[in-house]
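This report describes a single protein chain for a reader meeting it for the first time. The sequence and the structure are shown below, and the text then follows selected residues and elements.

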Amino acid sequence: MRKKIHLSTGDQNNKVTDKWGELLIKHIILDQLDIPPRLKAKLLHQSPSKEKNGG
């Protein structure tokens, strides 16, 4: 007997996965730069709204 399985993806506008992806990319980029640890931490914890509004 065959079983049908229906697979679906979650909502494409998932803010949690967007934020996780953004932080992952930031980590990867900042790890490649030769900058002081305090500046690296500041950049990692800066919110996207602050970046867009210029500070």
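Lys-26 counts as buried because its relative accessibility is 14%, and buried means under 20%. This lysine has its place in helix H1. A polar atom of the Lys-26 side chain lies 3.4 Å from the backbone oxygen of Leu-43. In the protein chain, 5% of the 55 residues count as buried.

The model is predicted, and the confidence of the prediction therefore deserves attention at the outset. The average pLDDT of the protein chain is 78, and 80% of the residues score at least 70. Among the elements, helix H2, residues 37-44, has the highest mean pLDDT, at 88, while helix H3, residues 48-53, has the lowest, at 54. Where pLDDT is low, predicted coordinates should not be read in detail.

The overall architecture is helical: the protein chain contains three helices and zero strands. Along the sequence, the pattern reads α-α-α. The protein chain exposes about 5700 Å², of which carbon and sulfur atoms supply 58%.

Which residues meet in a salt bridge? The side chains of Glu-22 and Lys-19 do so, at 4.0 Å from N to O. A search of the whole structure finds one salt bridge. Side chains of opposite charge can pair when their charged atoms come close. Glu-22 and Lys-19 are separated by about one helical turn, because they stand three residues apart in helix H1, which covers residues 15-32. Glu-22 is partly exposed, with a relative accessibility of 26%. Lys-19 is likewise partly exposed, its relative accessible area being 34%.

Helix H1 also holds Leu-24. This leucine counts as partly exposed, at 38% relative accessibility. Together with Trp-20 and Ile-28, Leu-24 forms a nonpolar patch on the surface, and the accessible area of these residues together is about 340 Å².

| Residue | Relative accessibility | Class |
|---|---|---|
| Lys-26 | 14% | buried |
| Glu-22 | 26% | partly exposed |
| Lys-19 | 34% | partly exposed |
| Leu-24 | 38% | partly exposed |

Pairs of residues separated in sequence can also be followed in space. Leu-24 and Leu-44 are 20 residues apart in sequence, and 9.8 Å lies between their C-alpha atoms. For Lys-40 and Leu-30, the separation is ten residues in sequence and 6.6 Å in space, C-alpha to C-alpha. Lys-40 lies in helix H2.

What does Lys-40 touch, not counting residues up to four places away in sequence? Its contacts are Leu-30, Asp-31, Leu-33 and Ile-35.

How values were computed: Residues are numbered from 1 along each chain as its sequence is written. Side-chain values use heavy atoms; hydrogens and water are left out. Helices (H or I, at least four residues) and strands (E, at least two) are DSSP runs, numbered from the N terminus. Buried means under 20% relative accessible area, exposed over 50%, partly exposed in between (1.4 Å probe, protein chains only). A polar contact is a pair of N or O atoms within 3.5 Å; within protein, one must be able to donate a hydrogen and the other to accept it, and residues adjacent in sequence count only if both atoms are side-chain atoms. pLDDT is the predictor's confidence in each residue, from 0 to 100. Patches are made of residues with over 30% relative accessible area and no salt bridge: like charges are joined within 9 Å, nonpolar side chains (Val, Leu, Ile, Met, Phe, Trp, Tyr) within 5 Å. Accessible areas come from the Shrake-Rupley method with a 1.4 Å probe; for residues, only the protein chains shown count as cover. Contact means heavy atoms within 4.5 Å.
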